[in-house]
Amino acid sequence: MLSLRSSALALCYSAAEYCAPVWSCSAHTSQVDVQLNSIMRLISGTLYSKPLPWLPVLSNIEPLALRRKAATDKLVEKIVQHDSWRIQPDILSPPLLWLTSRKPLWLDLQPVDIKSRWWHNWRSAQVVNSHLVCDPKIRQHGFDLPRQQWSLLNRFCMEEGHCSACRRKWRLTDTDLCPCGETQTTSHIVESCPLTKLKWRLITADEDAVSWLTSYGS
Ligand SMILES: [Zn+2]
């Protein structure tokens, strides 16, 4: 996934964040976010229904709004240091805001530590299995696995994938039962099914987990 992540940052993010401080407060940033979210889904191998806070964690790329805020903070810092720049008075003594619909960058000049903000946002996010990730800022276990195992690992950790319960929800089958007789969810497959359960925690992506993912995927 390293090459996918590097390519995404070099080819997509660099273009999608061009001049971001100028437009980061626009009401239309969601149009850019939709495209970048789909790139993060590609990197993480997750499904479209996945909760958005998981995408930056699995892609090991900071959340989009925080990246734009960091770029804005960097620009403001440069402006403050250069007395000759004609934009400096607008930053240090902002003009009166006549139109409340406008949100110029000087409305929020308080710099933000994006890493601690990301950690705080992750801790307060109400997403499935968020407790599996202690620190969203670090590269998660299994990031260097082959794509099939990496994708499978993420789907199991987020409790969505090819299990009978999900296939029934997607109307691909009539039953949600496992061959063992219980309802087959992804957590059942990993944690309690006598036919497939894994004794060790999947999230660690250790040797046993990878071998389990490989045999399950095949
Ligand atoms: Zn079972």
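**Overall dimensions, domains and helix packing**

The protein has a radius of gyration of 22 Å, whereas a compact globule of 218 residues would have a value near 17 Å; the radius is taken over C-alpha atoms, and the globule rule is 2.2 Å times the number of residues to the power 0.38. The structure is a predicted model, in which local features need pLDDT of at least 70, side-chain atom pairs count only at pLDDT 80 or more, and totals for chains, interfaces and linings use all residues. Residues are numbered from 1 along each chain as its sequence is written. Taken along the principal axes, the C-alpha atoms fill a box of roughly 75 × 35 × 30 Å.

The secondary structure comprises 11 helices and 0 strands, where helices (H or I, at least four residues) and strands (E, at least two) are DSSP runs numbered from the N terminus. Of the 218 residues, 26% count as buried. A residue is termed buried if 20 or more other C-beta atoms lie within 10 Å of its own, exposed if 12 or fewer, and partly exposed in between, with C-beta atoms placed from the backbone. Two residues are in contact if their C-beta atoms, placed from the backbone, lie within 7 Å. Among contacts between residues at least 6 apart in sequence, 55% join residues at least 24 apart.

The chain is divided into domain 1 (2-132) and domain 2 (147-217), with bounds that come from an automatic or database domain assignment. The centres of the two domains, taken over C-alpha atoms, are separated by 34 Å. At the boundary, 11 residues of domain 1 are in contact with 10 residues of domain 2. The side of domain 1 that touches domain 2 has 5 nonpolar, 5 polar and 1 charged residues; Ala, Val, Leu, Ile, Met, Phe, Trp, Tyr, Cys and Pro count as nonpolar, Asp, Glu, Lys and Arg as charged, and the others, Gly among them, as polar.

Helix H3 (residues 29-44) was examined in detail. Its 16 residues should span 22 Å at 1.5 Å a residue, in agreement with the 22 Å between its end C-alpha atoms; the expected span is 1.5 Å times one less than the number of residues. Leu36, Ile39, Met40, Ile43 and Ser44 are the buried residues of H3. Seen down the helix axis, these buried residues fall within an arc of 130°, so they line one face of H3; the arc is that of the directions from the helix axis to the C-beta atoms. Ser30, Gln31, Val34, Gln35 and Ser38 are exposed on the other side of H3. The cover over the buried residues of H3 includes helix H1 (2-16), helix H4 (54-59), helix H5 (64-81) and helix H8 (147-157). Just after H3, Gly45 takes a positive phi of about 65°.

Helix H5 has 18 residues and reaches 26 Å from its first C-alpha to its last, close to the 26 Å expected at 1.5 Å a residue. Leu64, Arg67, Arg68, Lys69, Thr72 and Ile79 are buried in H5. Among the elements covering them are helix H2 (20-23), H3, helix H6 (88-92) and helix H7 (114-124).

Most residues other than glycine have a negative phi. Cys19, a residue other than glycine, has a positive phi near 55° and is placed in the loop between H1 and H2. Cys19 is exposed, because 9 other C-beta atoms lie within 10 Å. Asn60, likewise not a glycine, has a positive phi of about 60° and lies in the loop between H4 and H5. With 18 other C-beta atoms within 10 Å, Asn60 is partly exposed.

Met1, in the segment before H1, is buried, with 23 other C-beta atoms within 10 Å. Apart from neighbours within four places in sequence, Met1 is in contact with Ile43, Phe143 and Trp150. Ile43 is itself one of the buried residues of H3. Ala205 is found in the loop between helix H10 (186-192) and helix H11 (207-217) and counts as buried, with 20 C-beta neighbours inside 10 Å. With neighbours within four places in sequence left aside, Ala205 is in contact with His141, Gly142, Leu145, Leu153 and Val210. The C-alpha atoms of Ala205 and Ile138, 67 residues apart along the chain, are separated by 15 Å.
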